[in-house]
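Please examine the sequence and the structure shown below. The paragraphs that follow lead through several parts of the chain in turn.

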Amino acid sequence: MPSWPLNQWYVAAYSEEIGDGLLGRTICGEPLVFYRTGEGDVVALADRCVHRRYPLSRSHLKDDQIVCGYHGFTYDKTGVCVAAPAQKRIPRTARVPAWTVREQDSLVWVWIGDQGLADTARIPRAPWLDSPDYTVVRGMEPLKARYSLLVDNLMDLSHETYLHGGYIGTPEVAETPITTEVDEDANVVYVSRHMDDAECPPFYSKSTGIEGRITRWQDVEYYAPCLYLLHSRISPAGILSPEEGPDDQAFHVEVTYGITPSTEHETLDFWMVSRDFALDDEKVTEFLATNNHTVVMQDVVALDLLEEVLESEKENYQELSINIDTGGLAARRILAKLVARGEGKTAEAKTVAAP
């Protein structure tokens, strides 16, 4: 049984990554190939030719069909082989699995598990990612670490003080207690940390222009297993959100992560930073893109190192958890529940696209 939940939606790519070429990517242990048809629909097929296992992502497209780069077996968007060399009759078994995909909020989601259970209503939303009211910077970094380590990392932001000092971390992040709530039915974990009088880190002082101390709120929503949302509110110290009307004296940053297992020891880290201020300021855009990439790479180095430690340590090692870990422990519990629930439902993919 894999360590990730089956019968779930996972972020596979950004919409802009999939065009008129072939994109190969391993999602939850499944090598997949993605492409966009002439009508604009995204297709996901198993990335193995049925003939001699040649990666279809290393082949080419012709008229919305993949022509295998090894022996020319040709597949339509449903995965059916429609042409083979030197014979007119194509075996009925000459097909590759097709996977259910859906584009939403500039993300391409793929359903991993029993394709008959795919329900697009279960895909969590991040509408600011393609809203004209926000400017977004984004990227993707592969980790040589299991996906649960990235979940742990994002659920406990106290590490910002120590791992990301000089970028987004200040002493108040680690010093301020958190509140945690869990929606067991929806499999969502909520973690909040509100700092009413905090040092302004360079990430925000240089992007917003705020001088002096700030009121800084961090409100996390984790939609297990894949989507992480951090609603960050920044304002000059003492300016709180009004009970009614627009919160127009504050700056708002929506930090979004797609946490996608690739293999048991590799993860795709999709990161996005959306802001509702200085929308057309290219200098701010460049600063946030560069600065956040640095922060992400600090996490990558730390988590890759942790993976090496976990792989080499003795069995039955007992870690210590404290109050700041309540969100992360809740996420672990929900993931374990989802893994157990999805056991045994790994039927071969049959459908190609969700309505």
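Asn316 is exposed, with a relative accessible area of 69%; exposed means over 50% relative accessible area, buried under 20%, and partly exposed in between, for a 1.4 Å probe and protein chains only. Asn316 sits in the loop between helix 5 (282-312) and helix 6 (326-342). Helices (H or I, at least four residues) and strands (E, at least two) are DSSP runs, numbered from the N terminus. Phi of Asn316 is near 65°, a positive value in a residue other than glycine. The model is predicted, so that local features need pLDDT of at least 70 and side-chain atom pairs count only at pLDDT 80 or more, while totals for chains, interfaces and linings use all residues. Residues are numbered from 1 along each chain as its sequence is written, and side-chain values use heavy atoms, with hydrogens and water left out.

Asn7 also has a positive phi, near 55°, and is a residue other than glycine. Is Asn7 buried or exposed? Asn7 is buried, with a relative accessible area of 7%, and lies in the segment before strand 1 (8-14). Another backbone feature is the cis peptide bond from Ala224 to Pro225, with omega near 5°. Pro225 belongs to the loop between strand 14 (214-223) and strand 15 (227-236).

Helix 6 has 17 residues and reaches 25 Å from its first C-alpha to its last, close to the 24 Å expected at 1.5 Å a residue; the expected span is 1.5 Å times one less than the number of residues. Its buried residues include Ala330, Ala331, Ile334, Leu335 and Leu338. An α-helix has 3.6 residues a turn, so residues three or four places apart point the same way. Among the elements that cover the buried residues of helix 6 are strand 1, helix 1 (147-155) and strand 14, where contact means heavy atoms within 4.5 Å.

On a 1 Å grid over the protein atoms alone, a cavity is a set of points where a 1.4 Å probe fits but cannot get out, and a pocket is an open set with protein on both sides within 12 Å along at least five of seven lines; lining residues have an atom within 4 Å of a point. Grid points are joined across faces, edges and corners, and a volume is the space filled by probe spheres set on the points.

The largest pocket has a volume of about 990 Å³. It is lined by 30 residues, and those closest to its centre are Leu149, Asp152, Leu306, Glu319 and Arg332. Helix 1 provides the largest share of this lining, seven residues.

The second largest pocket has a volume of about 350 Å³. Of the 20 residues that line it, the closest to its centre include Gln8, Asn187 and Ala224. Helix 6 supplies the largest share of this lining, three residues.

How many cavities of 30 Å³ or more does a search of the whole structure find? The search finds one, and about 180 Å³ of space lies in the largest cavity. This cavity is lined by 18 residues, of which Glu160, Ile168, Leu230, Val255 and Tyr257 lie nearest its centre. Helix 5 gives the most to the lining of the largest cavity, with three residues.
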